[in-house]
Amino acid sequence: MNNSIDTSTDTIETYFLCAGCQTADDVAKRIAAFVSQAKETIEVAMYSFSLCPEQRSIVVDALQERARAGVKVRIAYDAGSQQALIAGHSDPCDLTTPMFVRGLGFTSQAIEGYRALMHHKYIVLDSATPQAQVWTGSTNFTDDSWENEENNIIIFRSQELARYYTLDFEELWVDSNISAPVHMDSGEATLMYDGKPAYVLVNFSPGEGDWIDESIANAITRAKERITIAAVVITSTRIINALLNAMERGVPIEGIYDYTQMEGVTYQWQLVPANNWKIGAFAKIVKYGNLVGKNSTPYTPSSKHDYMHNKVMVLDNSVLTGSYNFSRHAQQNAENALIIESAALAATYRDYIHSITTRYASQTNAFTAQPAKVPLTPGTPEATE
């Protein structure tokens, strides 16, 4: 960063994770420091929230300290929780999200959904005040997510954005169900990054799910210079077609995906004749962009969960991030999707994606259009996301 630029007014902050690059304690302490700023309210919407005792203590102690100071703490979580029950629960690190959250002692709400997930990963502080902040991105609240996965966290200091996230939170909270919103399900604000304006658009599914999918495809279609990807899966028909179109236009494509998760997706595609074409299409995209595939550990309830878990595209000077996977199913989930126009932020995200791409380049397998031999194990996050 150019030291001659005054960034004291920046209202966007980023924090990037990669396997083995930080400890779970490091992330827990950042979260504790973040929530410790709250003066009135803390609203947490978290798909997966279950920590080992050491990290639990760091995060929960900070929340309890704020609660004792009169801060109202509420936690919304996915009622179905993707985490399978571990027999006997002898390991305190293996509690499901519902069991873990209910044991914290804060006001909480399980969010139901018919074939849909409460898939958010956000925290809102003091949304009714000028000091409001939002923490969001791709990062669940689990030790594996903090130590073994590639994830991004983005923090906004903005009462306007906090208001939109709180509206989303309240709609989930009121009826404990994922359903179409009552209020306008999108909003925008102008923030600062690297001393320059950054234009932020936030949308929430399921209310804006179809629009989010279409807007991502349209943003890819508008890209002229470079497309940089860090995506655990890419399964949306619109998005795949938009990437194929970018290839035809000669737009450079680069980046990384989760090889193991996409292998499982191809198994699902080959079972549905209407989706067979996607296997070859994705293989073409991987070959064209020389995309790197991280070989993550195949899922079991007790295995290491070490996915390349980002949901990011950098399209010229635009950053797409949030909890929203580039998948059809994401349209029905409770998700938040961000499009941020900022050349400086785009450069920051590209540097991060380049670093993890370089890291796994020598380990990747070549993705082919051959049918997958092994199905995706039910319960893997991307099997239901």
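Reply: Start with pairing: two strands pair if DSSP finds at least two bridges between them. Strands (E, at least two residues) and helices (H or I, at least four) are DSSP runs, numbered from the N terminus. This is a predicted model, where local features need pLDDT of at least 70 and side-chain atom pairs count only at pLDDT 80 or more, while totals for chains, interfaces and linings use all residues. Residues are numbered from 1 along each chain as its sequence is written, and side-chain values use heavy atoms, leaving out hydrogens and water.

Now the sheet. In general, strands of a sheet pair through backbone hydrogen bonds, either parallel or antiparallel.

Strand 12 (residues 227-231) runs parallel to strand 13 (residues 253-258), and 5 bridges join them. One example: Ile229 has Gly255 of strand 13 as its bridge partner.

Leu291 sits in the loop between helix 9 and strand 14. Is Leu291 buried or exposed? Buried means under 20% relative accessible area, exposed over 50%, and partly exposed in between (1.4 Å probe, protein chains only). Leu291 has 6%, so it is buried. Its contacts (heavy atoms within 4.5 Å) are with Ile253, Glu254, Gly255, Tyr257, Ile285 and Val286, leaving aside residues up to four places away in sequence. The C-alpha atoms of Leu291 and Ile256 are 5.3 Å apart, although 35 residues separate the two along the chain.

Asn290 lies in that loop too, between helix 9 (276-289) and strand 14. Its relative accessibility is 63%, so Asn290 counts as exposed. Asn290 also has a positive phi, near 50°, and is not a glycine.

Now strand 11. A loop links strand 11 (196-205) to helix 6 (209-222), and Pro206 is in that loop. The peptide bond from Ser205 to Pro206 is cis, with omega near 15°.

Last, a glance beyond the sheet, at the rings. Rings of Phe, Tyr and Trp (its six-membered ring) pair if their centres lie within 6.5 Å; planes under 30 degrees apart are stacked, over 60 edge-to-face, and the rest tilted. The structure holds 10 aromatic pairs. Phe16 and Tyr349 have ring centres 4.9 Å apart and planes at 90°, so they are edge-to-face. Phe16 is in strand 1 (residues 12-17) and Tyr349 in helix 10 (residues 343-360), so this pair ties together parts 333 residues apart in sequence. Tyr349 is buried, at 0% relative accessible area. Phe49 and Phe141 are also edge-to-face, because their planes stand at 90°, with centres 5.2 Å apart. Phe49 is buried at 1% relative accessibility, and Phe141 is buried at 2%. Together with Phe100 and Trp146, Phe49 and Phe141 form one aromatic cluster.
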